[in-house]
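Subject: Structure handover

Hi,

Here is the structure I promised to pass on to you. Please have it open while you read, and my notes follow below.

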Amino acid sequence: MAEDLKYAVEMRGVTKRFGDVLANDSISLAVESGSIHAIIGENGAGKSTAMNILYGFYAADSGEILIDGQARSIQNPGDAIRLGLGMVHQHFMLVEPLTVTENIILGSEPGSSFAIDFKQARARVRELSEQYGLRIDADARIEDLSVGQQQRVEILKTLYRGAQILILDEPTAVLTPQEVVEMFAILRSLRDRGKTIIIITHKLAEVLALSDRITVMRDGRVVGNISTREATAEGLARLMVGREVLLRVEKTDAHPKDAILVVNNLSLESSTVHGSLNDVSLEVRAGEILGIAGVEGNGQTELIEIIAGLRPQTRGEILLEGKSIDRLDPRRRKNLGIAHIPEDRHRRGLLLDFDLAANSILGVHRNSPLSGAVLLNEQIIAERANRLVREYDVRPPNIALPARALSGGNQQKLIVAREFDINPKLILVSQPTRGVDIGAIEFIHKKLIELRDAGAAILLVSAELDEILSLSDRVLVMYEGRVVGEVDPRSVSEEEIGLMMTGGKR
Amino acid sequence: MDITDILNLSLLASMVRLSTPLVLAALGGMYSERGGVINIALEGIMLAGAFTAAAVTARTANPWIGLVSAAIAGLLVAAIHAVATIQFKADQVVVGTAINILFLGVPALASGAMFGSTGSTPQLPREQTLPDWNIPGIDSIPILSQLFSGHKPIVYLAILMVPASWYVLYRTRFGLRLRAVGENPEAADTAGVSVARMRYAGVLMSGVLAGIGGAYLSIGQNSLFTRNMTAGRGFIALAALIFGKWHPVGASLACLLFGLAEAISIRMQGVVSIPVQFIQLIPYVLTMVVLAGFIGRATPPKAIGVPYVKEK
């Protein structure tokens, strides 16, 4: 190994145990100074744990950490900051009612104990933002900023504290395609100015486009350490999952039949632009997947929830096979054959403290033979639950466990099993693979295509543009509660659809 | 009766006096709640302060020692709250309620042991209560002298605490960190701010201020402690805090409104022919009306009521 090769960060044999779970099993990795280093792996592979240890959130049970070649003890984020580390969390660590400047200086405010020197603070924020091309209004309140702007504030926060090593946890998960491009440019320019960047992600395309080296983790262990130049998407996916994975969705052309769902001039009034709907009309036919692309918060959630019967519309009508369902409650809609995979599975999809058997009957719990006139039919419920768990490969396959005990991917498979088992005519799917690992994504995508081919009408909402484009037969783009256009998923470019998603083109 | 019997300048002066304990308790509550800790124990803390002030003054014959003791008593009661809710992460409402119930009884017990009377502490001679201070300059201006001069020292303290609290909250490190901790403790934690330390500071400050507010009742406005003499003022202060959107100026203006309601109700007694019990209801009914109208609209600090536990 060359002598002049300098490592900004080295972790050697770091082990961390949470109860019975070995989250990090003697992991070792080395990050070259002035490079972009990606750490990839499925949910629960231990990548966030490793970075939280590095940043002083958790204490490792054993192992050592070297910063710039010297062994260091990092007990808390304060230590990490002093050593030149900065972390941008997946869920932003910003105080919403405070201003950009207040957020950036929080914890290391200039001035005396009796008075913060706001003038100096503002000047420093402007200087940093110009130096690194992170444009931002220093006096804006965080709650008024877009997600992309908030992320810039997070990066500025670390730079203000003098960070030389930046750790970013899933930085692109919440960004639009345009914002991702800008973010990459920012990260490259930071690297070119000598900063070291560690990025945690599961998006293979981004890793390949951005990083210099890649560390792959699986089940708490480091299973690969490769130069990006030598890496391929297939190879990385195989390392992450431990078997061959189909990255592309395989499907034939759709053969749509009659319209199942017709939505006419649906409107929802709301005090804010986010959360309103304006004259949305659409049609989903049997045997096709209609995708809705859009930045989150542009009415997709509301649209799905209105069709599912979870909230009332202000105006407009919804027809299922030509009959109005406007006056029906969610249970009656479900009995007509509408399945719903909600975007927030913890809030809408599961009762986390109930067992899998109970969760497997939510929504159909009054139907015969699962229930008699008064009592639930425990035996039939258990048989059905066991069958679903087997067919949909929910692990661990123990129907007496509380839903909370399952990983995100397995929780989602349980919901999918429950919803698909009613032989739905119409399937409302929202963020089907959020927080779900690659193996389960492959499974859920395959199931959706299967149901489509069996004649179901599917309405799909996802923040993952790739998912929308690869699954859908037709795609509508929503912006500020309106449908701003329809595109052909086979021919549209990411730039074009990204522009529509941000209201740039109609 | 003549309406000017009720609505006159001395009514406003009385409003200033009656608002004083409310302002102190509300500002105290603000420090606690801006840091993310609900403090419904204000009532109990005020009772502790009121009793301690009267009891210590009765023993030492010095109201200043009584006043300082009340502040310390408030601090100690708040420390119980802080340890239970911050250190042991107990439910903040339950702890606050427990303290309120506890200090309904503790003063009676201590008073019985110290003075042989559970109902009240001994009547203090006038010279042993806090003095009236005339403010040079203001006491010669006709209207202002009636409003702002000749009050007890605690009244001036309350008036000074309003801009001081604004400054502390919005211009100092402590204030910025306190607000951050009340809104998003994880964010503060990752920025290297100790969530527990800020919350302790906020709750303890609420104890000192509410304790002094209580002392005003027993050795300022009156000259002895009587059982449950706060009569819900801690809760009214809490309502004022919500009504005033957790802002020092807003909360204090709300306190003035409640103080005015109380002043009116006192003046109406015996003047109008309505049973006195109904007139005494006025401040409480106003509190409920205000809360019913505003509680949904005022946005509390986001992390209020939630003990801070690091993930996993």
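Before anything else, please keep in mind that this is a predicted model.

Let me start with a helix pair in chain B. Helix 1 (residues 9-34) and helix 10 (residues 233-243) of chain B have axes that come within 8 Å and cross at roughly 60 degrees. On the helix 1 side, the contact includes B:Pro21, B:Leu22 and B:Met30, and among their counterparts in helix 10 of chain B are B:Ile236, B:Leu238 and B:Leu241. By class, the contact residues of this helix pair are 10 nonpolar, 2 polar and 2 charged.

Next, the place where the chains meet. Chain A puts 19 residues into the contact and chain B puts in 17 residues. On the side of chain A that touches chain B, helix 2 (residues 77-82) of chain A gives the most, with 3 residues. That side of chain A divides into 13 nonpolar, 3 polar and 3 charged residues.

Chain A itself is split into domain 1 (7-241), domain 2 (249-337 + 425-506) and domain 3 (346-422). Between the C-alpha centres of domain 1 and domain 3 of chain A there are 38 Å.

Now to the sheets of chain A. One is an open sheet of 6 strands with mixed pairing, in the order 6-7-8-3-9-10. Strand 6 (85-88) and strand 10 (221-227) of chain A are at its edges with a single partner strand each, so one side of each has no neighbour in the sheet. From one strand to the next, the twist averages 20 degrees. Within this sheet, strand 7 (residues 165-169) and strand 8 (residues 196-201) of chain A are parallel and share 5 bridges, and A:Leu168 has A:Ile199 in strand 8 as its bridge partner. Helix 8 (residues 233-241) of chain A packs on the sheet, where it touches strand 3 (36-41), strand 9 (213-218) and strand 10 of chain A, and its direction makes about 30 degrees with that of strand 9. Helix 5 (residues 147-160) of chain A lies across strand 6 and strand 7 of chain A, at about 165 degrees to strand 6.

Another open sheet of chain A has 6 strands in the order 16-17-18-13-19-20, also with mixed pairing. Its edges are strand 16 (338-341) and strand 20 (482-487) of chain A; each has a single partner strand, so one side of each is left without a neighbour in the sheet. Strand 19 (residues 474-479) of chain A runs antiparallel to strand 20 of chain A, with 5 bridges joining them, and A:Met478 stands opposite A:Val483 in strand 20.

Most residues other than glycine have a negative phi, and most peptide bonds are trans. A:Asp68 has a positive phi near 50 degrees, and sits in the loop between strand 4 (62-67) and strand 5 (70-72) of chain A. The peptide bond from A:Ser368 to A:Pro369 is cis, with omega near 5 degrees. A:Pro369 is in the loop between helix 12 (356-359) and helix 13 (378-391) of chain A.

Note on methods:
Residues numbered from 1 in each chain as written. Chains lettered and ligands numbered in written order. Predicted model: local features only at pLDDT ≥ 70, side-chain atom pairs only at ≥ 80, totals over all residues. Axes fitted to C-alpha atoms, helices over the stretch in contact; angles between N-to-C directions. Helix = DSSP H or I, 4+ residues; strand = E, 2+ residues; numbered from the N terminus. Contact = placed C-beta atoms within 7 Å. Nonpolar A, V, L, I, M, F, W, Y, C, P; charged D, E, K, R; others polar. Domains from an automatic or database assignment. Pairing = 2+ DSSP bridges.
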